[in-house]
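Visitor: Can you walk me through this one? Keep it brisk, please.
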Amino acid sequence: MRKPPAWWVLGSAVAALAVSVLGAGPALAAPGAYVTVGYGINACESGKLCLYKDVNHNSRATHAVMLTNRNVNSLSNYEFDNKASSYVNRSGRVVTLYKGQLHKGAEMTLDPGNRARVFPTGWDDTITSIKFH
């Protein structure tokens, strides 16, 4: 079989890279944990725990939202350490929030479907790590 010319191989590689970078082609799944912006409970995807920077699920302002479906040893890796003021648990799993890194310190358990416009007294802006059960 005859080998394709070098320009064809390079052109195909560039086209494949453009498709992956520009998002054409099949949709890719969102990563397990990330920060985006949004407000309201609808900013929380199904299958995720969402922590909102402000009370009332960021009210009507577009602020940071941390979405995850996996354990997070330190929210500082996402620049979300000690910033959560409200939450929605759409993960379908029990989740424990911790005031310390690596799932240590005081803990608060959230049942599936649980949500709050504000954290209980003493918990606002104190969450540092997350564990799914």
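Guide: A definition to begin with: buried means under 20% relative accessible area, exposed over 50%, and partly exposed in between, with a 1.4 Å probe and protein chains only. By that rule, 34% of the 133 residues in the protein chain are buried.

Visitor: What should I know about the source?
Guide: This is a predicted model, where local features need pLDDT of at least 70, side-chain atom pairs count only at pLDDT 80 or more, and totals for chains, interfaces and linings use all residues. Residues are numbered from 1 along each chain as its sequence is written, and side-chain values use heavy atoms, with hydrogens and water left out.

Visitor: How many helices and strands does the protein chain have?
Guide: Two helices and eight strands. Helices (H or I, at least four residues) and strands (E, at least two) are DSSP runs, numbered from the N terminus. The pattern along the sequence is α-β-β-α-β-β-β-β-β-β.

Visitor: And what share of the contacts join residues at least 24 apart?
Guide: 66%, counted among contacts between residues at least 6 apart in sequence. Contact means heavy atoms within 4.5 Å.

Visitor: Switching to rings. How many aromatic pairs does a search of the whole structure find?
Guide: One. Tyr 87 and Phe 119 form a tilted pair, 5.1 Å centre to centre with 40° between the planes. Rings of Phe, Tyr and Trp (its six-membered ring) pair if their centres lie within 6.5 Å; planes under 30 degrees apart count as stacked, over 60 as edge-to-face and the rest as tilted.

Visitor: Which parts does the pair tie together?
Guide: Tyr 87 is in strand β4 (residues 86-89), and Phe 119 is in the loop between β7 (115-116) and β8 (129-132), so the pair links parts 32 residues apart in sequence.

Visitor: Is Tyr 87 buried or exposed?
Guide: Tyr 87 is buried, at 5% relative accessible area. Phe 119 is buried too, at 6%.

Visitor: What sits over the ring of Trp 123?
Guide: The charged end of Lys 99, 4.6 Å from the ring centre. The rule: NZ of Lys or CZ of Arg within 6 Å of the ring centre and within 35 degrees of the ring normal.

Visitor: Backbone now. Where is Asp 125?
Guide: Asp 125 lies in the loop between β7 and β8. Its phi is positive, about 55°, although it is not a glycine. Asp 125 is partly exposed, at 33% relative accessibility.

Visitor: And what is phi of His 103?
Guide: Near 60°, a positive value in a residue other than glycine. His 103 is in the loop between β5 (95-100) and β6 (104-110).
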